[in-house]
There are 2 protein chains.
Amino acid sequence: MTSEKQQSASCLKKFTNFTVWFDEILLNAKIVDNRFPVKGFLVYLENGAYIMDKIRKMLEEKLEKTGHKLMLFPLVTTDELFAKEAEHIKGFSGEVFKIELKGDKESQRTLIIRPTSETIIYPMFKLWIRSHADLPLKVHQSVNVYRYETKATRPLYRVREIPWNEAHTAHESPTDAERQVREAIEIYSQVLKELGISFLLLKRPDFDKFAGAVYSIAFDAWNPDGRVNQVATVHNLGRNFAKAYDITFEKKDGSRGYVYQLCYGFGYSRVLAAIISQHGDDRGLVLPPAVAPTQIVIIPILFKGQEKEVMKYAEEIYREVKDRWRTVLDDREDVTPGEKFYHWELMGTPIRIEVGPKEVIEGTVTLTRRDTLERIQCSKDKLIDKITFLMDDILRNLRERSERMLHKLIVDARSMEEATKAVDDKNIVRVAWCGSLECAQKIRENVGGEIRGERYDIAERPDRPCIACGKEARTIVYVARAY
Amino acid sequence: MTSEKQQSASCLKKFTNFTVWFDEILLNAKIVDNRFPVKGFLVYLENGAYIMDKIRKMLEEKLEKTGHKLMLFPLVTTDELFAKEAEHIKGFSGEVFKIELKGDKESQRTLIIRPTSETIIYPMFKLWIRSHADLPLKVHQSVNVYRYETKATRPLYRVREIPWNEAHTAHESPTDAERQVREAIEIYSQVLKELGISFLLLKRPDFDKFAGAVYSIAFDAWNPDGRVNQVATVHNLGRNFAKAYDITFEKKDGSRGYVYQLCYGFGYSRVLAAIISQHGDDRGLVLPPAVAPTQIVIIPILFKGQEKEVMKYAEEIYREVKDRWRTVLDDREDVTPGEKFYHWELMGTPIRIEVGPKEVIEGTVTLTRRDTLERIQCSKDKLIDKITFLMDDILRNLRERSERMLHKLIVDARSMEEATKAVDDKNIVRVAWCGSLECAQKIRENVGGEIRGERYDIAERPDRPCIACGKEARTIVYVARAY
């Protein structure tokens, strides 16, 4: 079994110099090219685009199974529509891209490019929702949203063109809305679990909730540099937007009321970043089998005089596995086996199969799993079973390894000094907080990290006073630097 | 077999009052909602979004099988990049949406929202292509492009937010580029064939080719109102863009040269429009099975005292077919069978299965195919085979029916008067043309239709003089109104 020591040994650069490590992988492993001459706009290369597309399919399948309808909404809204929900416009107006339409007077106007689609979707909800029979209404779309970030951009983590899935739902009652919060959390948790990504499920403090929400739940994934990576959020909007956009329905008793709403978003590029940085090592990507563009690579080891037998055998193996897994037979003649190993390790291919003269004679293959680099002999007739097992076991190992790392990164702090040191040491810090905005600001200023919120999945009662003011604490919160 | 008479009889409104018919279907069959308050920006409802998503998957599968890599490129380009290819900017600069970035001086600039992505993708090609080993390079993406149309917009046909797939390729030689033209045409033709859509494959006249192309091939689908609907295009760009964006490669002989390029696009909303308008009838949609959100609907016909047996039987049938086809058991209690028939015919569901007391006793079901409305008795044990046959036969019939209509719509004209009358009668007109721009203009002004080009798939030699000037004709061209 792999230990943290093993992971750390092969992840020296990842943990000590994350930015360099990450940027190298992005281009070398064909994830993204960051050289397009508009800041914050990425070109997704073949592996990056492929993995995001797979993530999208995994998520959309679960959304559709739970009754979310795919619909597609415009890129733009009008400034009138955008301004309807007061908190929302306050939160987003500083960071939107605008299109000024010229032309004849009738068409002179300003269009706002969506930073998120509430102001585009909810005017339609108003048209569609008449009675309780129309509820719940659950829609989703996978699109890009655009935010004119003034902060420094970072590929995948903080970009101006953000690929995500956003879901929007409307319900009859607060109970139904609460049930939907749990369903959304379950869907996102499942996808992340199938990708082996570990995260903290946090209820954001009020000062950091989504603009216009009653409360916000966030999925914060750990990152090797100690920052947390918010990969998804679920917002209970209560009736705030319903009142702003006048979305009412006729209840079963004949009276009219506002609907209760949720919106939730799943950031594809940030999940891609989490896959790279939680699982990767100094050799490159380590991909969960479900999203790997190539799941198996077969590399023939050719010796003079035996090329024909080995190639024939390699082709046999290829035919055996290719319909079950995405397989490449790397038979390039001008590249050495060592160079091929290097290439496919960089690409994160879960399983490598080597076949040489020895394997031909013995009727075996040599498998190497990318996560542990363990080499395994396997007879040809047990190959399918063995690979089936390994694919599951690789995901299990990635998930457990990632979870162990998350737990290792979380440290308790009882003083500002302890907390500051822990954040400097790239940890996620658990502190007691009284709940006041003043203390939150003190913590941010002193500790250099932000309060990310309290656990949503478990109740954690404070057993000590507020770390900032020493008064009675209301809650236990997690503090970290963030992207 | 269905005759044109049958189709015409059930398509009275579609052929006599297309616009009203089409707009009704769009909203009633949940295709799009055109009430969003920005002109030319549609909301795709559950069926429209679903069908487009299926079309996308059909196309992308074929693109990937032929070596096209999915990549994703930014929404915007800079005005410097946009201006590089002289013909291209002339063609598109009048109809782009612009974002004026404010903020500090360094970031003050104008961004152009893509009307198509040559000016975004080719600067990256310049970075990626070094030698012949990098060629061919074939990429594709399914995205929206944006054109600030000044003409009247029409839902799906002429919109400002255009969902499409665009592919871009680079090659070593003109021969390779020509081979790629044929591959692209084959891919698009296959998808359209699997949707039963018939079209003319036309080489556009020079004055109507893509801005920056050497020549353009277009897929013009017929439309009930006599206009043609350009659903896809393939452009051979030669070295025009390679020279503008300086895309060179080292050849096998060590010298350097410009690459040869293609771009081709497949319009999802226009193909959706073609599905609706070529196959639909006055009862609503008639969907090809491959893209139907619901492929089979089962409707129990309940008689007092026998509800239980019939429902049990309907559920049995449901369990038998649901894993093979997308099936709905419509067991709503407050809706009559007649209302259900009406609903699912509107939705274009390919096969309806009715089961009542008679079917329970006989161990049969009554099938109705949506394309011909023919009713078929089938014993329960032959159901799977029968449905498998019918699904294929429905597509075959839709395709043949559509092709017969296309051939019926094409008429020969030997004089301007004949041509004008034919266009007025909603036909596509075949005329001889000398090839001069003057005569093209005369034809447009007199006939009220545009020269859409000559056949690319077959050679048609003119056997008569130019319809406009009476001089020797160079080619046979097709004239029609267009969207």
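Predicted model: local features only at pLDDT ≥ 70, side-chain atom pairs only at ≥ 80, totals over all residues.
Just after helix 8 of chain A, Gly196(A) adopts a positive phi of about 70°.

Helix 8 of chain A comprises the 21 residues 174-194. The buried residues of helix 8 of chain A are Ala177(A), Gln180(A), Glu183(A), Ala184(A), Ile187(A), Tyr188(A), Val191(A) and Leu192(A). Because these residues cover an arc of only 165° around the axis, they lie on the same side of helix 8 of chain A. On the other side of this helix, Thr175(A), Arg182(A) and Glu186(A) are exposed. The cover over the buried residues of helix 8 of chain A includes helix 4 (46-65) and several strands of chain A, among them strand 8 (161-171), strand 9 (199-203), strand 10 (215-222), strand 11 (228-238) and strand 14 (260-267).

At the level of whole chains, chain A is divided into domain 1 (4-279), domain 2 (294-393) and domain 3 (409-480). The C-alpha centres of domain 2 and domain 3 of chain A are separated by 49 Å.

The contact between the two chains takes 31 residues from chain A and 31 residues from chain B. On the side of chain B that touches chain A, two or more residues each come from strand 2 (43-44), helix 4 (46-65), strand 3 (69-70), strand 4 (76-78), strand 5 (98-101) and helix 7 (118-128) of chain B. Helix 4 of chain B gives the most to this side, with four residues. By class, the side of chain B that touches chain A holds 21 nonpolar, two polar and eight charged residues.

Leu72(A) is located in the loop between strand 3 (69-70) and strand 4 (76-78) of chain A. With 21 other C-beta atoms within 10 Å, Leu72(A) is buried. When neighbours within four places in sequence are left aside, Leu72(A) is in contact with Gln141(A) and, in chain B, with Tyr44(B) and Ala49(B).

In soluble globular proteins, nonpolar side chains tend to be buried together. The largest nonpolar core of the model contains 274 residues, of which Leu272(A), Ile275(A), Val429(A), Val479(A), Leu272(B), Val429(B) and Val479(B) touch the most other members. For one of these, Val429(B), the residues touched are Val411(B), Ala413(B), Ala419(B), Ala422(B), Val423(B), Gly449(B), Tyr478(B), Val479(B) and Ala480(B), not counting residues up to four places away in sequence.

Arg270(B) belongs to helix 10 (residues 268-279) of chain B and is buried, with 23 other C-beta atoms within 10 Å. Apart from neighbours within four places in sequence, Arg270(B) is in contact with Leu156(B), Tyr157(B), Asn229(B), Gln230(B) and Val231(B). The C-alpha atoms of Arg270(B) and Arg158(B) are separated by 8.4 Å, although the two residues are 112 residues apart along the chain.

Most residues other than glycine have a negative phi, and most peptide bonds are trans. Asp246(A) has a positive phi near 55° and is not a glycine; Asp246(A) lies in the loop between helix 9 (240-245) and strand 12 (248-250) of chain A. With 13 other C-beta atoms within 10 Å, Asp246(A) is partly exposed. In chain B, Lys30(B) likewise has a positive phi, of about 55°, without being a glycine. Lys30(B) is placed in the loop between helix 3 (18-28) and strand 1 (32-33) of chain B, and is buried, with 21 other C-beta atoms within 10 Å.

A cis peptide bond occurs in each chain. In chain A, the bond from Leu135(A) to Pro136(A) is cis, with omega near -5°, and Pro136(A) lies in the loop between helix 7 (118-128) and strand 7 (137-146) of chain A. In chain B, the bond that joins Leu135(B) and Pro136(B) is cis, with omega about -5°, and Pro136(B) is in the loop between helix 7 and strand 7 (137-146) of chain B.

Note on methods
Residues numbered from 1 in each chain as written. Chains lettered and ligands numbered in written order. Contact = placed C-beta atoms within 7 Å. Nonpolar A, V, L, I, M, F, W, Y, C, P; charged D, E, K, R; others polar. Domains from an automatic or database assignment. Expected span 1.5 Å × (residues − 1). Buried ≥ 20, exposed ≤ 12 C-beta atoms within 10 Å, placed from the backbone. Arc of directions from axis to C-beta. Core = buried A, V, L, I, M, F, W, Y, C linked by C-beta atoms within 7 Å.
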